[in-house]
Amino acid sequence: MTENKNPRTEAEGKEPQGAQPAGAGKGVFDAALSETARAEESDRPTRTLWGDAWKRLRRNKLAVIGAVWILFMILVALTADLWAPQWLGSPTDIDSTQSAALSKLPPSLEHPFGTDATGRDQLVRVIYGARVSLTVGVIATVISTAIGLVMGALAAFYGGIWDVIIMRLADMFLAIPYTLFVIVMLAVIGQGIQNVFIAIGILGWPSIARVFRSAILSVKENDYVDAARAMGASDFRIVARHIFPNSVASIVVYATMNVGGAILTESALSYLGMGVTPPTPSWGIMIQDGQTFLATQPWLMIMPGIAILTTVLAFTLLGDGLRDALDVKMKDA
């Protein structure tokens, strides 16, 4: 008996040649999208701590203003020899033939900050005083930071007796009034700009050591430090390659603010007669010279005072902005 076959049923039961299984097209499309996403991800710039910090710092207007003012002061101080004496006169030499006529002139177009009691232009002395203050602030901070990093690393990494000795030594330094301590040290080693930043730098290490010690204690027990130690890395390599990079943010912030403190200390020492020796211009010396004429010629004190205020405030604003920018808790989602 012949079996009847339905041509329609037979045709439906056969798949055309070259046909793909159901869902195959969707799988190919998803694979293409995944490949495209991976390509875009590889092309996207990698986010880093310093890159994110730079973005946040640029959005902090006060920190940007402080950084711009600091850069402006540095540029003016570095290039002063090229234009300041030609336009404004010497910051140290006294012209005895015209000192009486130029003495204590008020601010004008010719002398924007006025003149002092000996006829020297106040603006050029403020400019050269900025060179002294910035030099002392930066070099003293470098010295104190270097000593503080070494002492803090010894105290935190090795602990035990090292930690006790270094921290008690830091307590002794911090217990003595800072300015008085610097004055005593200058009385021993002598005056001069070199001795000023040496004294400020040597006596400023305890705070840096405490900050770095705390930062090391918070990261030294992490797994990557244990892994480096298990692989035979030396103590110096562990501190330099693994611990310090993860602690440098707090050091940068504190060092930036410490520059402003060093500038204030230098100005105070010069005002007391223990800092920079005349005729080298210094903001502290200018304030000391102008205090006698505060009632009649106040610009003699106000102008160097404004220079100290704005410079120290700029470093404080920049340091505060760096603290917020480098805080990983504020990292953008």
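At what angle do helix 8 and helix 11 pack, and how far apart are their axes? In this predicted model, helix 8 spans residues 160-175. The angle between helix 8 and helix 11 is about 140°, and their axes lie 9 Å apart. The crossing of helix 8 with helix 11 is left-handed.

Helix 8 brings Asp163, Ile166, Met167, Leu169, Ala170, Asp171, Phe173 and Leu174 to this contact. Helix 11 meets them with Trp205, Pro206, Ser207, Arg210 and Arg213. Eight of the residues in the contact of helix 8 with helix 11 are nonpolar, one is polar and four are charged.

Helix 11 also packs with helix 14. Helix 11 covers residues 205-219, and helix 14 covers residues 248-271. Their axes are 9 Å apart, at an angle of about 160°. That angle makes helix 11 roughly antiparallel to helix 14. Here the crossing is right-handed.

On the helix 11 side, the contact with helix 14 is made by Ser207, Ile208, Val211, Phe212 and Ala215. Helix 14 supplies Ser250, Ile251 and Tyr254. Of the residues in the contact of helix 11 with helix 14, six are nonpolar and two are polar. No charged residue takes part in this contact.

Technical notes. Residues numbered from 1 in each chain as written. Predicted model: local features only at pLDDT ≥ 70, side-chain atom pairs only at ≥ 80, totals over all residues. Heavy atoms only, no water. Axes fitted to C-alpha atoms, helices over the stretch in contact; angles between N-to-C directions. Helix = DSSP H or I, 4+ residues; strand = E, 2+ residues; numbered from the N terminus. Parallel < 35°, antiparallel > 145°, perpendicular 65-115°, else oblique. Left-handed = near helix turned anticlockwise from the far one by under 90°. Contact = heavy atoms within 4.5 Å. Nonpolar A, V, L, I, M, F, W, Y, C, P; charged D, E, K, R; others polar.
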